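Please read these notes with the structure open beside them.

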Amino acid sequence: MKPKKQEQEEARREVTEIAPNVLRMELPILMPGLRHVNCYALLDDEGAAVVDPGLPGPDTWAALKDRLSQAGLSETDVHTVVITHSHPDHFGCAKRFAKAAGARIVAYESFGWGTPADADTHDHDEVSVDDRRAGADALEADTDRRGDEPSSSPSASRVRAMRAGHTRPSPWGGSPLGFPKRDPSASNVAELMMSEDFFPDITDPVGHLDVLRLAGRDWFVHFTPGHTQDHLCLHSPELGIFLSGDHVLPTITPHIGGFGHTPDPLRSFIESLNAVAGLQDVSTILPAHGHPFADLAGRTEAIKRHHEERLQRIKQIGRELGRANVVEFSQTLFPERSWGMMAESETYAHLEHLRLAREAESYSEDGKLIYVIR
Ligand SMILES: [Zn+2]
Ligand SMILES: [Zn+2]
C-alpha cells in the first residue's frame with residue numbers, strides 16, 4: 001500500500017504557530033482524497049481573522065472552537081473570515097462566524113456561481129482523479145442540517161440554480177453532471193455544496209492585488225483561477241508567507257475540471273501557476289491541505305509537469321484510437337474504478353486545452369463530442 005499523502009493525514013488538535021500571530025489549525029474533513037483542511041488564524045489587537053473555516057456542521061464548529069480556545073480566543077473574537085474559493089471545506093463555517101460575531105466575509109469578487117446560467121458549468125471535486133483514488137474509502141461527512149440562516153438569504157437563488165444545474169447533461173455527451181451514486185462521500189459533498197443553510201453571502205468581495213490588513217500586516221490578494229474560477233491566494237511579502245489555498249498543494253494535484261468561466265480552465269490554471277511561481281518574497285507556503293513547504297517554484301513546476309505528461313498521454317491515446325469521444329478517452333486514461341463524470345471532466349479539460357492549442361479537432365456526432373488529435 002502506498003504511504004499516505006500529507007493531505008490524507010488526520011487532523012491534529014495541536015495548533016502550530018507558523019510566524020508571529022499566524023496559526024495553523026487543522027480541522028477534520030471527510031472528502032475523497034482528503035482528511036483535514038488547514039484553517040489559518042491571523043491574530044491582531046481586535047481578535048482574529050480566519051482563512052478557510054472548514055466544512056459546514058457541528059464537528060467542524062466544535063473543532064474550530066477548540067483550536068481557537070488554545071490560542072486564548074473564542075468564536076466571538078473572529079472579526080473576519082477569508083475564503084480562498086467556493087468549495088465547502090473552505091467556506092463551511094463562515095456563516096456561523098458571521099452570526100456569532102458579525103464577522104465580515106471576504107472572498108474573490110466572482111465567488112460562487114454568478115448567474116443561474118453558470119450553474120451547470122461548475123464541478124466540485126477537490127483533488128485530481130488520480131489522488132482521489134488514493135483516498136477513496138467510504139466516508140461520511142458531517143452533514144448537520146441545522147442551518148443558521150433562513151432560505152430567503154441572497155444565496156438561496158444561487159443554490160436553486162445549482163440544483164437545477166445538476167440535472168443537466170454533460171457538455172461532451174457523457175455521464176450526466178452530478179456525483180456518482182456509488183461514492184457516498186462525494187454525494188455528501190454535493191449536498192453540502194448545495195445547502196443554502198451554509199452557502200455564505202460575501203460582505204467584502206475583493207479583486208486582484210487588493211490589500212487586506214491582517215495580523216498587523218499587509219496581504220496582497222492574488223487571483224488564481226483554475227481549480228475554481230474564483231480562487232484567491234494571499235501573500236504577505238513582509239512575512240514571506242503565501243497562503244496558497246488549493247491552488248498549490250504540497251503532494252497532491254488539485255482537480256481541474258472542464259467547466260469554467262473560460263473555455264480553457266487548464267490554461268487558466270497553468271497561467272495562475274506561472275504567475276505565483278515568479279513572486280518575490282515567498283519563503284513559506286501555507287496550503288489548505290498538507291504541511292507548510294518552502295519551494296513554491298519547484299512545486300508549481302512539478303504540477304505543470306503532471307499536466308504536460310497527461311496531455312502527452314491523451315495525444316498518444318488519440319493516435320491509437322483514431323477518433324474517439326470523451327468517455328472513450330477517459331476510460332482508456334483511467335482505471336475502471338475511476339470512471340464517471342469526474343474522470344470525464346478532467347479528460348475534457350485536457351482535450352479542450354489541446355483543441356484550443358490547435359493540437360486537436362472536435363465535432364459533434366449523435367450528441368457526443370468526438371476528438372481527433374492532429
Ligand atoms: Zn478546492
Ligand atoms: Zn480544498
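Two strands count as paired if DSSP finds at least two bridges between them. The model discussed below is a predicted one.

1. Strands S5, S6 and S7. With that cut-off, S6 pairs with strand S7 (residues 204-206) in the parallel sense, over three bridges. Within this pairing, Ala 107 has Pro 205 in S7 as its bridge partner. S6 also pairs with strand S5 (residues 78-82), again in the parallel sense and over three bridges.

2. Strand S6 covers residues 104-108, and four of its five residues are buried, so the rest of the structure largely encloses it.

3. The open sheet. Five strands form an open sheet in the order S8-S9-S10-S11-S12, and their pairing is mixed. Strand S8 (211-214) and strand S12 (284-287) are at the edges; each has a single partner strand, so one side of each lacks a neighbour in the sheet. On average, neighbouring strands of this sheet are turned by 25 degrees against each other, direction ignored.

4. Strand S9 (residues 217-223) and strand S10 (residues 232-236) run antiparallel and are joined by four bridges.

5. Helix H1. This helix spans residues 58-70, which makes 13 residues. From first C-alpha to last it reaches 18 Å, close to the 18 Å expected at 1.5 Å a residue. After H1 comes Gly 72, with a positive phi near 80 degrees.

6. The buried face of H1. Which residues of H1 are buried? They are Thr 60, Trp 61, Ala 63, Leu 64, Arg 67 and Leu 68. Viewed down the axis of H1, these buried residues fall within an arc of 165 degrees, so they line one face of the helix. The buried residues of H1 pack against strand S2 (22-31), strand S3 (34-44) and helix H3 (94-101).

7. Helices H7 and H10. The axes of helix H7 (residues 265-277) and helix H10 (residues 341-356) come within 8 Å and cross at roughly 85 degrees. H7 and H10 are therefore roughly perpendicular to each other. On the H7 side, the contact is made by Pro 265, Leu 266 and Arg 267; on the H10 side, by Ala 349, His 350 and His 353.

Technical notes:
Residues are numbered from 1 along each chain as its sequence is written. Chains are lettered from A and ligands numbered from 1 in the order in which they are written. This is a predicted model: local features need pLDDT of at least 70, side-chain atom pairs count only at pLDDT 80 or more; totals for chains, interfaces and linings use all residues. Helices (H or I, at least four residues) and strands (E, at least two) are DSSP runs, numbered from the N terminus. The expected span of a helix is 1.5 Å times one less than its number of residues. A residue is buried if 20 or more other C-beta atoms lie within 10 Å of its own, exposed if 12 or fewer, and partly exposed in between; C-beta atoms are placed from the backbone. The arc is that of the directions from the helix axis to the C-beta atoms. Two residues are in contact if their C-beta atoms, placed from the backbone, lie within 7 Å. Axes are lines fitted to C-alpha atoms, for helices over the stretch in contact, and angles run from 0 to 180 degrees between N-to-C directions. Angles under 35 degrees count as roughly parallel, over 145 as roughly antiparallel, 65 to 115 as roughly perpendicular and the rest as oblique.
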